[in-house]
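Below is a short briefing on one protein chain. Look over the sequence and the model before reading the points that follow.

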Amino acid sequence: MQSCARCGFVVYPAEKINCIDQNWHKACFHCDVCKMVLTANNFVSHKKRPYCSVHNPRNNTFTSVYETPINIKAKKQTMASSEVRET
């Protein structure tokens, strides 16, 4: 029998997904970052690990969530609104 690439337990044919040259349980085949369950049609592999398209390490140029353009804009808006003083 073949073992799951994530948990190491036996994978039976009814629950098997064969992707990235490895066998996975359907529930174990999820994004390494957000844990979203993936299918053979919506995953991206990087260094033999599955990721969703949002957390694909090859496309992620930001080093942390704080540095995303949306969060930078939100911070600027918060700082600008805190400078407004009521008279």
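Accessible areas come from the Shrake-Rupley method with a 1.4 Å probe, and for residues only the protein chains shown count as cover. On that basis the chain has an accessible surface of about 6700 Å², with 56% of this belonging to carbon and sulfur atoms. The model is predicted: local features need pLDDT of at least 70, side-chain atom pairs count only at pLDDT 80 or more, and totals for chains, interfaces and linings use all residues. Residues are numbered from 1 along each chain as its sequence is written, and side-chain values use heavy atoms, with hydrogens and water left out.

**Confidence and fold**

- The mean pLDDT (the predictor's confidence in each residue, from 0 to 100) is 83 for the chain, and 80% of its residues reach 70 or more.
- Confidence is highest in strand E2 (residues 10–11), at 96, and lowest in helix H1 (residues 69–83), at a mean of 74.
- The chain contains 6 strands and 1 helix; helices (H or I, at least four residues) and strands (E, at least two) are DSSP runs, numbered from the N terminus.
- Along the sequence the order is β-β-β-β-β-β-α.

**Burial and core**

- Of the 87 residues in the chain, 21% are buried, where buried means under 20% relative accessible area, exposed over 50%, and partly exposed in between (1.4 Å probe, protein chains only).
- The largest nonpolar core has 9 residues: Ile17, Cys19, Ile20, Trp24, Phe29, Cys31, Leu38, Tyr51 and Cys52.
- Such a core is a set of buried Ala, Val, Leu, Ile, Met, Phe, Trp, Tyr and Cys residues joined through side-chain atoms within 4.5 Å.
- Cys52 is in contact (heavy atoms within 4.5 Å) with Cys31, Cys34, Met36 and Leu38, leaving aside neighbours within four places in sequence.

**Aromatic rings**

- Rings of Phe, Tyr and Trp (its six-membered ring) pair if their centres lie within 6.5 Å; planes under 30 degrees apart count as stacked, over 60 as edge-to-face and the rest as tilted.
- There are 2 aromatic pairs by this rule.
- Phe29 and Phe43 form an edge-to-face pair because their ring centres are 5.2 Å apart and their planes stand at 75 degrees.
- Both residues lie in the loop between strand E4 (22–25) and strand E5 (44–46), so the pair ties together parts that are 14 residues apart in sequence.
- Phe29 is buried at 0% relative accessible area, whereas Phe43 is partly exposed at 23%.
- Trp24, Phe29 and Phe43 make one aromatic cluster.

**Val44**

- Val44 belongs to strand E5 and is buried, at 19% relative accessibility.
- Not counting residues up to four places away in sequence, Val44 touches Arg49, Pro50, Tyr51, Ser53, Asn56 and Arg58.
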